[in-house]
Amino acid sequence: MFNEELHLEQPLRWGMVGGGRGSQIGYIHRNSALRSRMFDLVAAAFDIDPERGRAFGENWGIAGERCYPDYKTMFAEEAKRPDGIQAVTIATPNNMHYEICKAALNAGLHVVCEKPLCFTAAEAEELVALSKEKNRVVGVTYGYTGAPMIHQAREMIARGDLGEIRIINMQFAHGYHCQEVEKNDAGTKWRVTPAAAGPTYVLGDIGTHALYLAEVMIPDLEIANLMCARQSFVKSRAPLEDNAFVLMNFTNGAVGNLWASCVNAGSTHQQKIRVIGSKASIEWWDEHPSQLIFAEQGKPVQILDRGQGYLYNDDELVNNNRMGGGHAEGLFESWATLYTRFGVAMDRVNKGENVADVMDQYWFPNVIDGAKGVRFIENCVRSADGGSAWVDYE
């Protein structure tokens, strides 16, 4: 079970940039970060409208003088305080991630950043280097990977239960944007606007989630080459895609495919991963996060349930259940697990450990994982814009 007594002597003093009134993801950041007593939200720059941001912050419970008009003011003013923030979450549109993350690291702050981490691989590598130089943690919210059954799958693959890995099938294909909903939805509008979203829509917004599930389950997974085709079925979204298919060859001889879509009409979510080996397969679906399907050739299909004694428990996360087996756990628990691990990693660095060593020894979605996602997006765009040609992975 989850160790409810695990907490820091003093929660990390924490701020937010973005994620204010009307945000699609602000609430889950706050709820998840505060569940395990690792963070204490004391300051924020919630909104590009300073008055609206201050009103939201004060209604939430933050002191008015610590509800700032922008992130630059927050970093400068908090640095003057003996009780200033130690960490910040970036929950803004994509185009702000790089500059805010860079400014936060230069201000000596730990960072939790929404994905994509930035727009280019060059920017991503700069943030990786800066994280190490400043010895600060950068966590990236690949929010589904705190689910215990993802780590059960990882352990099964590592132990050879599936045999040699041959095929990886990934998808994240919902239908909520099968019509031009952005006409009346600001949260979707920026996601289909290149200046705010970057070079892709669904590949960066949801496709990297599906890819990172595979990278968690198979840590040594490396792409050798890929081919990407992307479409804008709602024509006004061009050049950004609302549907994409990616074929991949991996360096270990396995092959994979990824379908990312927001126009899969009738679908609620459809984020799934199926890993196929020479002996057996496993499948996980985020709409049933507490279950893992295990199918061994020649034997009945098994449905493995979270919280049961037959699961592997070498990794603490496999048994990191916030409630007993059979009760529904979902995305908030997964995010809360990530924020717990972000907090522990930041605390270890604050106590003198080197951030590179912490990343090597302790799993959490980190700045290197974020950089891999940006690299994937760049290669997909290069392939798609080159006529959906196969490209060597760069």
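**Exercise 1. Tyr212 and its ring partner**

Task: Decide whether Tyr212 is buried or exposed in this predicted model, and classify its ring pair with Tyr142.

Solution: 
1. Tyr212 has a relative accessible area of 3%. Buried means under 20%, so Tyr212 is buried.
2. Tyr142, at 3% relative accessibility, also counts as buried.
3. The ring centres of Tyr142 and Tyr212 are 4.5 Å apart, and the planes meet at 25°. Planes under 30 degrees apart count as stacked, so this pair is stacked.
4. Tyr142 sits in the loop between E5 and helix H6 (148-158), and Tyr212 in helix H9.

**Exercise 2. Trp14 and Tyr339**

Task: Work out the geometry of the Trp14 and Tyr339 pair and state which elements the pair ties together.

Solution: 
1. The structure holds 12 aromatic pairs. In the pair of Trp14 and Tyr339, the ring centres are 5.9 Å apart and the planes stand at 65°, so the geometry is edge-to-face.
2. Trp14 belongs to strand E1 and Tyr339 to helix H10 (residues 331-350), so the pair ties together parts 325 residues apart in sequence.
3. Trp14 has a relative accessible area of 0% and is buried; Tyr339, at 1%, counts as buried too.
4. Both residues belong to one aromatic cluster, together with Phe39, Phe342, Tyr362 and Phe364.

**Exercise 3. The second largest pocket**

Task: Describe the lining of the second largest pocket by position, element and residue class.

Solution: 
1. The pocket holds about 340 Å³ of space.
2. Its lining has 17 residues; Met359, Trp363, Phe364, Asn366 and Asp369 lie nearest the centre.
3. Helices H9 (202-217), H11 (355-361) and H12 (367-385) each supply at least two lining residues. H11 gives the largest share, four residues.
4. By class, the lining of the second largest pocket divides into nine nonpolar, two polar and six charged residues.

Definitions and conventions: Residues numbered from 1 in each chain as written. Predicted model: local features only at pLDDT ≥ 70, side-chain atom pairs only at ≥ 80, totals over all residues. Heavy atoms only, no water. 1 Å grid on protein atoms, 1.4 Å probe; cavity = no way out; pocket = protein on both sides within 12 Å on 5 of 7 lines; lining within 4 Å. Points joined across faces, edges and corners; volume = space filled by probe spheres on them. Nonpolar A, V, L, I, M, F, W, Y, C, P; charged D, E, K, R; others polar. Phe/Tyr/Trp six-rings, centres within 6.5 Å; stacked < 30°, edge-to-face > 60°. Buried < 20%, exposed > 50% of the residue type's maximum accessible area, 1.4 Å probe, protein only.
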